[in-house]
Amino acid sequence: MPDAERTALITGASRGIGRACAIRLASLGHRVAVNYNTHQEDADEVVETIRRAGGTAIAVGGNVADRSAVEKMIAATEEALGPIEILINNAGIISDSLLMRMKDDDFDRVMDTNLKGTYYCTRLTVPGMIKQRWGRIVNVSSVVGIRGNAGQTNYSASKAAVHGFTKSLAKEVAGRNITVNAVAPGYIRTATTDVLSEKVKDTVRSWIPMARFGEPEEVAPLIVFLCSEEARYMTGDVLRVDGGMAI
Ligand code: NDP
């Protein structure tokens, strides 16, 4: 039996992994809110792509690190598409440097977006899920939150914190038919990794048993599965999609 058609909010869905999740969820009949922060034109393109294929989507702007912006984005989503039942906390940034050179602002910005953004979006969505007695939350973290990476103390701390958040919340809401999982991608070909030099890309490839970067479309299917009815007995897990990098 196909899943019920549900309302999904995907943060940072204007590009990369979030975009791939939005398109895939919409292709299954779900109503999708495509969140962006600065690039509305990219979010509009995702919405257009979904609508051309017969799906339902809207673009919702808002910085996940800003509580009042998150409140507005959730209100706009629910007004247009109905109560949110699926939340994918995907928005994330990097601001890399060795700890010795790190600026406090680099640390704070990464924590505010990756961890506090996940907190705000979840904090403001879970009450509705509890009321509906159904919900799916997937937090997009990183293998770097599992194995660490020189030059990314801020990023890896934010993603490791998301793992703790995921497991704790999973215990809190398990009795309400709400699952909470994290997906930890390895190196995926997106705007975030396109900026790396060829030398750094070669080094990274040498860490990956599959010897290549992944594609957003290779991460989205797992995230979308975790949002399905069939995934109802999986919660509090951190699942890697990394070509074997963290083995
Ligand atoms: P991209 O850089 O391709 O896209 C980032 C998305 O997040 C954009 O839609 C961007 O919107 C949005 N965004 C950034 N900051 C905010 C904010 N403050 N509020 C709302 N939206 C925001 O990202 P990826 O697809 O590469 O990454 C997606 C997730 O996957 C991130 O959490 C990242 O940490 C994680 N990840 C990525 C890996 C990779 O190799 N690419 C590896 C491991 C984890 P806009 O453009 O409008 O600002």
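This text leads from the pockets of the structure to its ligand and then to its aromatic rings.

The model is predicted, so local features need pLDDT of at least 70 and side-chain atom pairs count only at pLDDT 80 or more, whereas totals for chains, interfaces and linings use all residues. Residues are numbered from 1 along each chain as its sequence is written, and side-chain values use heavy atoms, with hydrogens and water left out.

The largest pocket holds about 1,200 Å³ of space. A pocket here is an open set of points on a 1 Å grid over the protein atoms alone, where a 1.4 Å probe fits, with protein on both sides within 12 Å along at least five of seven lines, and its lining residues have an atom within 4 Å of a point; the volume is the space filled by probe spheres set on the points, which are joined across faces, edges and corners. Of the 47 residues that line this largest pocket, Gly 92, Ile 93, Ile 94, Tyr 155 and Thr 192 are the closest to its centre. Two or more lining residues come from each of α1 (16-27), β2 (31-36), α4 (104-123), α7 (153-173), α8 (191-194) and α9 (198-207), and α9 gives the most, with four residues; helices (H or I, at least four residues) and strands (E, at least two) are DSSP runs numbered from the N terminus.

The second largest pocket has a volume of about 150 Å³, and its lining includes Tyr 119, Arg 123, Val 126, Phe 165 and Glu 172. Here α4, α5 (126-132) and α7 are the elements that give two or more residues to the lining.

As for the ligand, 32 residues surround it, the closest being Ser 14, Arg 15, Tyr 155, Gly 186 and Thr 190, where a residue counts if one of its heavy atoms lies within 4 Å. Among the polar contacts (pairs of N or O atoms within 3.5 Å), a ligand nitrogen atom is 3.0 Å from a polar backbone atom of Val 64, while a ligand oxygen atom is 2.8 Å from an N or O atom in the side chain of Thr 192.

Turning to the rings, Tyr 187, Trp 207 and Phe 213 form one aromatic cluster, with rings paired if their centres, taking the six-membered ring of Trp, lie within 6.5 Å. Arg 147 lies over the face of Trp 207, at 5.5 Å from the ring centre, and Arg 6 lies over the face of Trp 134, at 3.4 Å from the ring centre; such a charge has NZ of Lys or CZ of Arg within 6 Å of the ring centre and within 35 degrees of the ring normal.

Terms used: Phe/Tyr/Trp six-rings, centres within 6.5 Å; stacked < 30°, edge-to-face > 60°. Polar contact = N/O pair within 3.5 Å; in protein donor to acceptor, adjacent residues only side chain to side chain.
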